[in-house]
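This briefing gathers what can be read from the model about confidence, chain contacts, helix packing and nonpolar cores. Please keep the sequence and the structure open while going through the points.

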Amino acid sequence: MFPCNFLCRSASQARFADAIRSYVCLFLLFVLFSGLYQVANAECLMRGTGDLGIVIERASGSVQILDTTAKASLFRVEGLGDLSHASAVFSRDGRYAYVFGRDGGLSKIDLLCGTLDKRVIQAGNSIGGAISQDGSLVAVSNYTPGGVKVFAADSLELLADLPALDASGKPSKVVGLVDAPGQQFVYTLYDAGEIRIADLSDPAAPRVRRFPDIGRLPYDALITPDGRYYIAGLFGEDGLALLDLWKPQQGVQRILNNYGRGKEKLPVYKMPHLEGWAMAGRHVFLPAVGQHEVLVVDSQSWKEVGRIAVHGQPIFVVARPDGRQVWVNFAHPLNDTVQVIDTQSLKIIHSMQPGKGVLHMEFAPRGENVWVSVRDADQVQVYDTGTFARVAKLQAEKPSGIFFTARAHRTGL
Amino acid sequence: MKQHCYKTLVFCMLTGMAASVYPAPDADRQAELLYLLKHDCGSCHGMTRKGGLGPPLLPENLSDRPPQLMVNTVLDGRPGTPMPPWRGELSEQDAQWLVEAMLRGDGL
């Protein structure tokens, strides 16, 4: 290619003509390699990621990378496996998304290059994940075999394996995995009815604390934005299990014990999600299980202060970032509707029908827009939260979860 | 005749086929049912039916179960578990066809 093998010689001989030739050679090499570099990175963007996000395309095993400012799709990334019920967290620099797939796949996606950076199949069947406080660890919760695995966020190397065996040695599915301050992960054993706190300050020697007998069939859990309270919803009985992570020695407390009592429960066609803590002032808004109601709870006393009748069984009950509105979507077969609750009057101020199969809603970081995935229409729709007007519509194949990079800087998301 | 019935029953159990009481729903309804199976049953059992919060529903997981018991589970749910009753959403005919579809591995 280039007659450059005289470069070493020319320096020692220090001949003027050779020196000129060597400079020319170096220049040509520089041009060649910078050209190659540009080809290799032709698809990568030079920009910030603070207004980016992803939407899961659940049936095709792909995600689209979204620009929430332009309200446009930047890339589609394929090859992520079974993404039914997938979720995602972000690296603290906002460049990478970690996607947790149903088939046990953990995929690291480069948002700027639109590429699958790394992927490992870490279990047979998984449900969700979390990233540690310092961003160095990614934890994945699994159904089969049950337990939590912890990976290095940069390399996806396995660092710790935390089995979820009950007292008799029986494995349990793990739900409600969240990060908590102090390099902790908190999670719940579905079959065993137990909460665990794992301290990963030293990933080589995790310290796990167990809180058994929290109640039957905990199906999901959440952590408050300050990282203090961890709350697990119980399917097998009324009430919620609350653990104060500032005072774990107090143990698990049962709250809202009369929740649902005396009412005949409707069939639950889809488990509600507790992620996306809806908090406005001192009120917390929670989906009722098996009822067409949103519960309003006082976050100081943990007592129920009201119930709001809604269109169907709520799935996601999420607050606009300023806490002034709460948006609700619903379970099959009423999943074509979204309702908006005003958190001051506790009244429904708007109802709309984006289409069949509304699966998820994600707010822009400061709340001016909400992005709604409409599965059966193969669309992601963007609404103005002030006027409720639809401002954009994007094509996506069977979209489900929508996740924005602002989550990178929030505990529990 | 009795012998014949017995043989049919054994054949049905061995091949994992439900003894069809109802005719199959029409093609449009079949498509709706497969969509429901993938996306709504799939939210607990996995879109590929490999299991999730609910157990897997692949042919190899179901082949040794009495089909009528599965039809009943679809229609009436399983008390004490999150499996809801789908009666109201689904007719007996729908449920029977869905069970047969799962046993055949339709739509996988």
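Over residues 1-11 of chain A, pLDDT stays under 50, and for this stretch the model has twelve contacts beyond four places in sequence. The model is a predicted one, and the points below should be read with that in mind.

**Confidence in chain A**
- For chain A as a whole, the mean pLDDT is 88, with 87% of its residues reaching 70 or more.

**Contacts between the chains**
- Chain B brings 16 residues into contact with 20 residues of chain A.
- On the side of chain B that touches chain A, the residues divide by class into five nonpolar, eight polar and three charged.

**Helix α5 of chain B**
- Helix α5 of chain B, residues 92-104, has 13 residues and reaches 18 Å from its first C-alpha to its last, which is close to the 18 Å expected at 1.5 Å a residue.
- Buried in α5(B) are D94(B), A95(B), Q96(B), W97(B), L98(B), V99(B), M102(B) and L103(B).
- Just after α5(B) comes G105(B), which takes a positive phi of about 80°.

**Helix α4 of chain B**
- The buried residues in α4(B) are P67(B), M70(B), V71(B) and V74(B).
- Seen down the axis of α4(B), these buried residues fall within an arc of 105°, and therefore they line one face of the helix.
- The buried residues of α4(B) pack against α3 and α5 of chain B, and α4(B) is followed by G77(B), whose phi is positive and near 75°.

**Nonpolar cores**
- The largest nonpolar core has 116 residues, and those with the most contacts inside it are A97(A), F185(A) and V326(A).
- Apart from that core lies another, of twelve residues, which includes L57(B), V71(B), W86(B) and W97(B); of these, V71(B) is among the buried residues of α4(B), and W97(B) is among those of α5(B).
- With its neighbours within four places in sequence left aside, V326(A) is in contact with A278(A), A280(A), F285(A), V317(A), V318(A), A319(A), I341(A) and T343(A).
- In soluble globular proteins, nonpolar side chains tend to be buried together.

Methods:
Residues are numbered from 1 along each chain as its sequence is written. Chains are lettered from A and ligands numbered from 1 in the order in which they are written. pLDDT is the predictor's confidence in each residue, from 0 to 100. Two residues are in contact if their C-beta atoms, placed from the backbone, lie within 7 Å. Ala, Val, Leu, Ile, Met, Phe, Trp, Tyr, Cys and Pro count as nonpolar, Asp, Glu, Lys and Arg as charged, and the others, Gly among them, as polar. Helices (H or I, at least four residues) and strands (E, at least two) are DSSP runs, numbered from the N terminus. The expected span of a helix is 1.5 Å times one less than its number of residues. A residue is buried if 20 or more other C-beta atoms lie within 10 Å of its own, exposed if 12 or fewer, and partly exposed in between; C-beta atoms are placed from the backbone. The arc is that of the directions from the helix axis to the C-beta atoms. A nonpolar core is a set of buried Ala, Val, Leu, Ile, Met, Phe, Trp, Tyr and Cys residues joined through C-beta atoms within 7 Å.
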